[in-house]
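Have it open while you read.

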Amino acid sequence: MSLDLFFQYLFAGITYGSIYAIVAIGFNIIYNATGIINFAQGEFVMLGGMISISLLQFMPLPLAIAGAVVITMGIGALIEILFIRWLESPSVLRLIIITIGISILLRELALHVWGESIRSLPYFYGNEITTFSLGSVHLSPQVMWVITACAVMVGGLNVFFKGTPIGREMRACAANRTAAMLCGINTRNMVTLSFMLSAGIGALAGCVMSPITYTQYDSGASLAIKGFTVAILGGLGNSMAAVAAGILLGILEAFSVSVVPLAFQDAISIAILLLILFVKPHGLFGSSEAARLKDF
Amino acid sequence: MNKRVQHYLGGCVTGVLLLAASLQTAQAGTVKVGAIFAVTGPASFLGGPEARSAEMVVEKINKAGGINGNTIELIVKDSAGSSEKAVSFAKQLIEEDKVVAIIGPSTSGESMAVKKIAEEGKTLLISCAAAEVIVDPVASYVFKTPQKDSFAAQKIFEEMQRLKISTIAIAAGNDGFGKAGKEQLEKMAPTFGIKVAASETYDSKATDLSALVAKLKADPAIGAVINWSVVPAQAIIAKNMRQAGWNVPLFQSHGFGNIKYAEAAGAAAEGIIFPCGRLLIVDSLADNNPQKGLLIQYKSEYEAKYKEDASAFGGYAFDAINMVVAAIKKAGNDRAKVRDAVEGLTKFPGVGGIFSFTPQDHNGLDIDSFAMLTVKDGKFIPYKGQ
């Protein structure tokens with residue numbers, strides 16, 4: 001393999017990986033707050049893309065993206081308040097089934113609102129064929145936007161969770177809900193907030209990736225599966241690990257093209273997921289001890 | 001008082017009788033036609049315009065008084081692209097609704113699943129899917145309106161010979177359409193003296209193909225790429241090729257025939273070459289073209305009614321329903337006679353081409369039903385070589 005080809009694969013892999021990672025971070029935030037996997041996470045990504053595309057007709061791009069993020073956060077909060085908040089100590093299984101139901105509901109709603117056609121935001125910089133070259137490796141500027149957005153999100157979340165009072169309250173709620181409640185933290189509000197946060201992150205991801213991947217009413221489901229794989233691979237609940245696992249999986253998928261047809265991409269990622277679940281069930285970067293505490 | 005009640009009752013009875021009578025005539029004067037389209041799901045880009053086109057035709061005919069005074073009742077079933085659903089809908093339409101004919105399904109996989117059921121139920125099926133196997137081998141009750149895959153492949157290879165391209169790469173989605181196209185291309189390439197240096201399959205829902213493009217680009221012998229897939233992959237591969245700075249000609253299947261896909265690929269769509277029916281270049285057709293009047297009529301009616309661009313896919317269903325209507329006009333509400341009438345259609349102008357069915361040919365189109373198109377300044381124009 002020539003060096004050029006190596007780098008071209010590498011960057012393709014980092015692009016996929018960053019997209020997976022952002023979706024996985026959304027899974028992690030809600031998992032930390034509630035202990036459930038929100039299977040409607042992919043739909044938040046789709047909604048972010050679709051809403052921003054619709055808003056773009058009335059306002060400039062940055063405003064449309066901001067508007068889409070805010071509206072999707074509102075939808076996230078609404079979903080939590082309508083479907084989750086009033087349940088009295090629901091089982092994890094019940095919550096998961098509820099989120100699957102919500103994802104189907106959102107997908108069908110999107111089909112009625114936006115129809116079945118594919119849409120996309122314009123490229124943030126340049127157009128479909130703009131590239132810049134690093135040596136002989138060609139990259140679309142949008143790839144840089146995706147990678148930057150991913151980095152900013154991880155950095156921002158770190159500051160939020162470690163440095164702000166609300167972030168600390170959310171972490172307390174994640175570590176031990178009963179204890180957090182005894183300390184005077186309104187744990188129910190924290191759960192609502194976690195839904196808003198992961199909806200907002202999903203929506204932003206949906207906006208930056210839309211020029212590359214396009215947005216369709218059903219594009220959320222496949223993203224959710226990849227994001228879920230990455231979240232498990234990195235160790236549930238750990239956002240930095242999700243980024244590392246996402247990029248690792250993306251690179252593996254990209255390089256696998258040189259050996260097997262691209263259609264086997266998904267088979268490879270699922271095989272890796274199974275392997276991890278057998279060998280290291282708490283993820284590449286998760287510790288079994290932490291996971292046991294979580295269950296308790 | 002008594003008399004008044006009697007009068008009133010009498011009025012009621014007459015009214016009920018009249019109502020019953022009118023109901024009966026309405027029933028006798030209705031011809032049921034079934035339709036199975038993938039209105040939602042992964043093939044909704046086909047099924048959506050197809051269902052809307054068929055509904056538009058039926059509505060127009062009923063408004064004008066129906067066929068010989070009989071109104072058509074179009075029963076549209078949404079298969080969501082699933083073969084299982086298509087099969088159960090086909091059974092339901094044939095056995096319960098007693099339709100005289102079925103148009104659809106939208107995809108090749110569904111059509112193949114339904115083929116046997118239509119044959120056993122002795123009900124006319126006019127498929128709107130592309131694969132050649134639907135009508136080859138011929139089943140007496142099964143027809144199809146889209147042009148054959150092999151004609152599309154042949155058109156592309158002829159163009160390559162003209163451009164003196166000898167080595168190519170094929171990329172195809174892993175759905176029914178992509179698989180059938182890839183087989184067809186691999187089979188036909190040698191007869192045109194063209195070498196297939198690489199043949200790749202990718203997930204039809206793929207969101208980025210830059211790794212695949214990097215792999216193909218690494219082989220300097222490849223002089224052109226043929227991509228056989230549905231949206232959005234056909235726009236993604238165009239973008240990824242141009243982003244990689246790879247400027248070999250990109251050929252697409254007739255599945256590229258919707259201006260929305262060219263818009264989706266934006267600047268990367270420029271110069272894509274693909275075979276398609278003439279609907280998309282109707283403005284540049286000569287006035288004596290036998291299809292021109294019909295194409296303009298379909299395009300303007302569809303676009304006025306649904307406020308979206310007409311596509312070749314909607315045209316498949318437009319042709320199918322028009323054939324059924326023409327056959328009912330001739331043969332009435334009788335399944336076997338309607339089938340015979342469709343097989344007897346010759347020089348029948350449609351959106352896809354001029355149809356002439358024979359007992360051996362249930363597609364009825366020839367290779368001239370395809371024209372080569374390209375994209376220039378975001379618009380489809382006839383391709384005239386470089």
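1. Let's begin with the contact between the chains, bearing in mind that this is a predicted model. Chain B puts 33 residues into the contact, and chain A puts in 31.

2. Which elements of chain B give two or more residues to the side that touches chain A? They are H2, strand E7 (195-202) and the helices H7 (210-217), H8 (233-243) and H9 (259-265) of chain B. H7(B) gives the most, with five residues.

3. As for the make-up of that side of chain B, 15 of its residues are nonpolar, 10 are polar and eight are charged.

4. Now to the sheet in chain B. Five strands line up as E2-E1-E3-E4-E5 in an open sheet, and the pairing is parallel. Strands E2 (71-78) and E5 (142-144) of chain B each have a single partner strand, so one side of each has no neighbour in the sheet. From one strand to the next, the twist averages 25°.

5. Further in, E1 (residues 30-37) and E3 (residues 101-103) of chain B pair in the parallel sense over three bridges.

6. Two helices to look at next. H2 (residues 44-63) of chain B packs on the sheet and touches E1, E2 and E3 of chain B, with its direction at about 165° to that of E2(B). H12 (residues 335-343) of chain B also packs on the sheet, touching E3, E4 (124-127) and E5 of chain B, and its direction makes about 40° with that of E4(B). Remember H2(B) from point 2: it also gives residues to the side of chain B that touches chain A.

Technical notes. Residues are numbered from 1 along each chain as its sequence is written. Chains are lettered from A and ligands numbered from 1 in the order in which they are written. This is a predicted model: local features need pLDDT of at least 70, side-chain atom pairs count only at pLDDT 80 or more; totals for chains, interfaces and linings use all residues. Two strands pair if DSSP finds at least two bridges between them. Helices (H or I, at least four residues) and strands (E, at least two) are DSSP runs, numbered from the N terminus. Axes are lines fitted to C-alpha atoms, for helices over the stretch in contact, and angles run from 0 to 180 degrees between N-to-C directions. Two residues are in contact if their C-beta atoms, placed from the backbone, lie within 7 Å. Ala, Val, Leu, Ile, Met, Phe, Trp, Tyr, Cys and Pro count as nonpolar, Asp, Glu, Lys and Arg as charged, and the others, Gly among them, as polar.
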